[in-house]
Amino acid sequence: MKLVVEIAGELREVELTRDGREVRASVDDREYVLDASEPEPGVFLLKHEGRVYEAFVSSTGEVNVGGFALESNVIDPKRLRGSAVSGDHDHGHAEIRSAMPGKVVRILKASGDAVAKGDGVVVVEAMKMQNELKSPRDGTIGTIKVSEGDTVSTGDVLVVID
């Protein structure tokens, strides 16, 4: 999976592949092989070259690794190219789509609820990580096309925002 991650105002190209507990990460031009586990939701243990790092990921996107807090924003380039999710919607409707296969673990809003750009709408668990999918614009929750516990595929429309 190729991503662009904004950390402390700087964009980084990140590519991740996972095989069981082994995670291969390429960050810009650096390569890492990690043993990764998630002992509890939002808490990750990353082992690299004999050292263990504990990482906390909040639902607001803040990442804390070894006592250092970083504001981050993950941008999936495929999503930017082909999805209807964008901050530029001023009219019509927007769709929140699943960026990868996973399971819907929580629906945070109900049909008819007002949402602001950036509000959390649905939480999907993929690769043992919970990802809160946010509203791409101000609007009203229209159709919710999934239920908690549903399995979703890449690109599935989860919620329509009017």
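The exercises below, each with a worked solution, concern a predicted model of a protein chain.

**Exercise 1. The chain as a whole**

Task: State how many helices and strands there are in the protein chain, and what share of its residues count as buried.

Solution. Begin with the secondary structure: the protein chain has one helix and 16 strands. Next take burial. The chain has 162 residues, and 28% of them count as buried. The accessible surface comes to about 9800 Å², and carbon and sulfur atoms account for 50% of that surface. Finally, consider contacts between residues at least 6 apart in sequence: 43% of these join residues at least 24 apart.

**Exercise 2. A negative surface patch**

Task: Name the residues that form the negative surface patch, and decide whether E13 is buried or exposed.

Solution. The patch is made up of E13, E15, D29 and E31. Of these residues, take E13, which lies in strand β2, residues 10–19. The relative accessible area of E13 is 58%. The cut-off for exposed is over 50%, so E13 is classed as exposed.

**Exercise 3. Salt bridges and their burial**

Task: Give the number of salt bridges in the structure, then work through the pairs R24 with E22, D35 with K47, and E95 with R97, giving the N to O distance and the accessibility of each partner.

Solution. The structure holds six salt bridges.

Step 1. R24 pairs with E22, and their closest N and O atoms are 3.3 Å apart. R24 has a relative accessible area of 42% and is therefore partly exposed. E22, at 32%, also counts as partly exposed.

Step 2. D35 pairs with K47, with 3.9 Å between the closest N and O atoms. This pair links distant parts of the chain: D35 belongs to strand β4 (residues 30–40) and K47 to strand β5 (residues 43–48), and the two are twelve residues apart. D35 is partly exposed at 26% relative accessibility, and K47 is partly exposed at 36%.

Step 3. E95 pairs with R97, the closest N and O atoms being 2.6 Å apart. Buried means under 20% relative accessible area; E95 is at 15%, so this residue counts as buried. R97 has a relative accessible area of 24% and is partly exposed.

Step 4. Some salt bridges share partners, and in this way R21, D35 and K47 are joined into one network.

**Exercise 4. A loop serine**

Task: Locate S98, decide whether S98 is buried or exposed, and list its contacts beyond four places in sequence.

Solution. S98 sits in the loop between β9 (94–97) and β10 (102–107). Its relative accessibility is 5%, so S98 counts as buried. With neighbours within four places in sequence left aside, S98 is in contact with V152, S153, T154, G155, D156 and L158.

**Exercise 5. An asparagine in a strand**

Task: Find the strand that holds N64, classify its accessibility, and describe what surrounds this residue.

Solution. N64 is part of strand β7, residues 62–65. The relative accessibility of N64 is 21%. The buried class ends under 20%, so N64 falls in the partly exposed class. When residues up to four places away in sequence are not counted, N64 touches E54, A55, F56 and A69. For a distance along and across the fold, take V43: N64 and V43 are 21 residues apart in sequence, and their C-alpha atoms are 9.6 Å apart in space.

Terms used
Residues numbered from 1 in each chain as written. Predicted model: local features only at pLDDT ≥ 70, side-chain atom pairs only at ≥ 80, totals over all residues. Heavy atoms only, no water. Patch = residues over 30% accessible without salt bridge, like charges linked within 9 Å, V, L, I, M, F, W, Y side chains within 5 Å. Areas by Shrake-Rupley, 256 points an atom, 1.4 Å probe, with all protein chains shown as cover. Salt bridge = Lys/Arg side-chain N within 4 Å of Asp/Glu carboxyl O. Lys, Arg positive; Asp, Glu negative; His and termini not counted. Charge placed at Lys NZ, Arg CZ, Asp CG, Glu CD. Buried < 20%, exposed > 50% of the residue type's maximum accessible area, 1.4 Å probe, protein only. Contact = heavy atoms within 4.5 Å.
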